[in-house]
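The sequence and structure come first.

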Amino acid sequence: MAFMEKPPAGKVLLDDTVPLTAQIEASQSLHSHTISTLSLPLPPKKLIGNMEREFIAERQKGLQAYLDVITTHHILSNCELVKKFLDPNSYSVNYTEIALQHVSMFFRSEPKWEVVEPLKDIGWRIRKKYFLMKMKNQPKERLMLSWADLGPDKYLSDKDLQYAVKLLSSCSHPYIYKITFATANESSALVIRPFSEKGTLKDLIYKAKPKDPFLKKYCNPKKIQGLELQQIKTYGRQILEVLKFLHEKGFPYGHLHSANVMLDGDTCKLLDLENSLLGLPSFYRSYFSQFRKINTLEGVDVHCFGHLLYEMTYGRPPDTIPVDSFPPAPSVFVVSVLESILTCEAMKNGMPTVSRLLQMPLFSDVLLTNSEKPQFKIPTKLKEALKTSKECIEKRLTEEQKLIHQHRRLTRAQSHHGSEEEKKKRKILARKKSKRSAYESGEEHSAKYSNSNNSGEMGCHPCSGTTFKENRIWTLKSNSLSTKKEVFPIEEYC
């Protein structure tokens with residue numbers, strides 16, 4: 001099968017950023033293995049008495065806490081090992097083998113390229129693989145090939161997708177990393193770009209080697225240190241400028257994070273423009289999908305910029321979103337930008353625009369020396385297709401946010417309903433209701449008895465056609481009831 005041939009139908013487009021959860025129901029002895037060097041709350045083992053009921057119950061609680069930490073850790077929860085363990089049916093495919101097959105087929109039609117070595121696990125995506133390459137006529141120049149499967153937000157037609165991906169190599173901007181070659185088919189895409197020994201902005205922050213696996217580089221850094229103020233200002237301004245450019249062009253991005261920003265000297269250059277075309281979910285999707293005011297790709301880019309700015313400032317990502325308070329920063333202007341993006345108030349009111357951020361004191365006085373003129377010509381027909389695709393991406397995000405909001409409300413209601421305080425209230429109300437019902441039942445019984453005795457009787461005199469009213473008068477005599485009857489013609493009362 002050639003690279004451009006159509007793949008088998010029935011492909012499942014799974015969103016790998018959807019958080020997985022797990023509940024321990026049973027135990028089984030397995031060989032242990034280490035996911036990363038991160039310190040995790042693994043419960044202690046016991047050599048003697050490890051089959052006792054109390055110990056098993058205690059250890060199960062500890063393992064559940066351990067599992068909860070893993071599934072809520074942003075990097076670990078997206079790890080292939082974790083996904084395969086929690087959802088083996090959805091993650092049974094070997095994507096490294098699939099990537100090698102596609103790359104091999106690509107080289108048959110493009111023999112000028114040659115693979116140097118696979119770059120194993122350098123990225124966070126399960127369905128995206130990387131290879132170090134070279135051109136046969138330029139063996140010293142190193143290139144990086146990335147292969148990616150299509151994602152759940154792929155809304156372009158196959159024809160528009162192939163055209164848009166090929167168009168990326170014509171994009172020229174001082175803050176966009178150059179693409180050497182790009183192609184796509186109905187199931188995946190290949191992109192080749194120069195390999196940088198300096199690595200990404202994330203490598204600079206974490207002092208990591210670009211070729212090392214993603215988990216090893218970023219999951220548990222040895223030293224946490226932010227960048228200098230001038231670097232924060234310059235890099236921030238450059239990134240905002242390229243986001244503004246893409247927004248004005250109507251080109252959807254939505255994939256900003258520090259590992260998608262390449263360093264070229266003192267210049268930041270954006271990576272992976274192809275991701276939105278291929279329908280891949282964002283690195284921070286599990287964060288911004290929680291907030292219904294972040295419902296456009298422009299808003300997503302600004303929210304992701306907030307994460308990146310926090311990482312540049314403090315040398316690590318924020319512990320939680322929204323952020324209640326910020327540690328001391330190199331400048332109050334940094335904190336004011338972060339507050340406009342990452343606080344609870346910002347999540348409720350919506351994200352500021354990129355233009356608004358550029359006007360803030362942190363970035364407004366930064367001088368950009370690069371004189372390269374941006375060029376990215378998108379035909380009108382493709383612009384319309386990109387606009388429709390963007391609207392579909394935003395619609396899926398809005399629907400997901402609505403479901404999350406409904407689930408959160410239901411969970412809160414169930415939690416409130418099941419609390420000890422609520423149980424006590426319900427018991428008290430039930431007792432009061434029971435007493436009230438018994439009292440009302442007694443009163444109703446008395447009223448029925450009284451009414452049955454005091455009700456008048458209407459009838460006809462058996463000997464004539466005249467209607468009479470029988471009036472019963474009850475008198476009490478020696479603890480017994482006697483009846484005195486008086487019969488009057490009813491005409492007297494009409």
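Sorted by class, the residues that line the largest cavity are eleven nonpolar, seven polar and six charged. The model is predicted, and the values here are computed from it.

**Cavities**

Four cavities of 30 Å³ or more are counted. The largest cavity holds about 340 Å³ of space. Its lining is made up of 24 residues, and Ile 122, Tyr 130, Thr 200, Ala 259 and Leu 271 are the closest to its centre. The largest share comes from α6, with three residues.

**Helix α11**

Which residues of helix α11 are buried? In this helix, residues 332–342, they are Val 334, Val 335, Val 337, Leu 338, Ile 341 and Leu 342. Viewed down the axis of α11, the buried residues fall within an arc of 160°, so they line one face of the helix. An α-helix has 3.6 residues a turn, so residues three or four places apart point the same way. The elements below are among what covers the buried residues of α11.

| Covering element | Residues |
|---|---|
| α7 | 229–249 |
| α10 | 297–314 |
| α12 | 344–349 |
| α13 | 354–358 |
| α14 | 361–364 |

**The β4–β5 hairpin**

Strands β4 (residues 181–184) and β5 (residues 188–194) run antiparallel and are joined by four bridges. Together β4 and β5 form a hairpin, with three residues between them. Within this pairing, Thr 183 has Leu 190 of β5 as its bridge partner.

**Pro 118**

Strand β1, residues 113–119, contains Pro 118. Is Pro 118 buried or exposed? The relative accessible area of Pro 118 is 52%; since the cut-off for exposed is over 50%, Pro 118 counts as exposed. Once neighbours within four places in sequence are left aside, Pro 118 is in contact with Tyr 130 and Phe 131. Tyr 130 is also one of the residues closest to the centre of the largest cavity. Pro 118 and Met 144 are 26 residues apart along the chain, and their C-alpha atoms are separated by 9.5 Å.

How values were computed:
Residues are numbered from 1 along each chain as its sequence is written. This is a predicted model: local features need pLDDT of at least 70, side-chain atom pairs count only at pLDDT 80 or more; totals for chains, interfaces and linings use all residues. Side-chain values use heavy atoms; hydrogens and water are left out. Two strands pair if DSSP finds at least two bridges between them. Helices (H or I, at least four residues) and strands (E, at least two) are DSSP runs, numbered from the N terminus. On a 1 Å grid over the protein atoms alone, a cavity is a set of points where a 1.4 Å probe fits but cannot get out, and a pocket is an open set with protein on both sides within 12 Å along at least five of seven lines; lining residues have an atom within 4 Å of a point. Grid points are joined across faces, edges and corners, and a volume is the space filled by probe spheres set on the points. Ala, Val, Leu, Ile, Met, Phe, Trp, Tyr, Cys and Pro count as nonpolar, Asp, Glu, Lys and Arg as charged, and the others, Gly among them, as polar. Buried means under 20% relative accessible area, exposed over 50%, partly exposed in between (1.4 Å probe, protein chains only). The arc is that of the directions from the helix axis to the C-beta atoms. Contact means heavy atoms within 4.5 Å.
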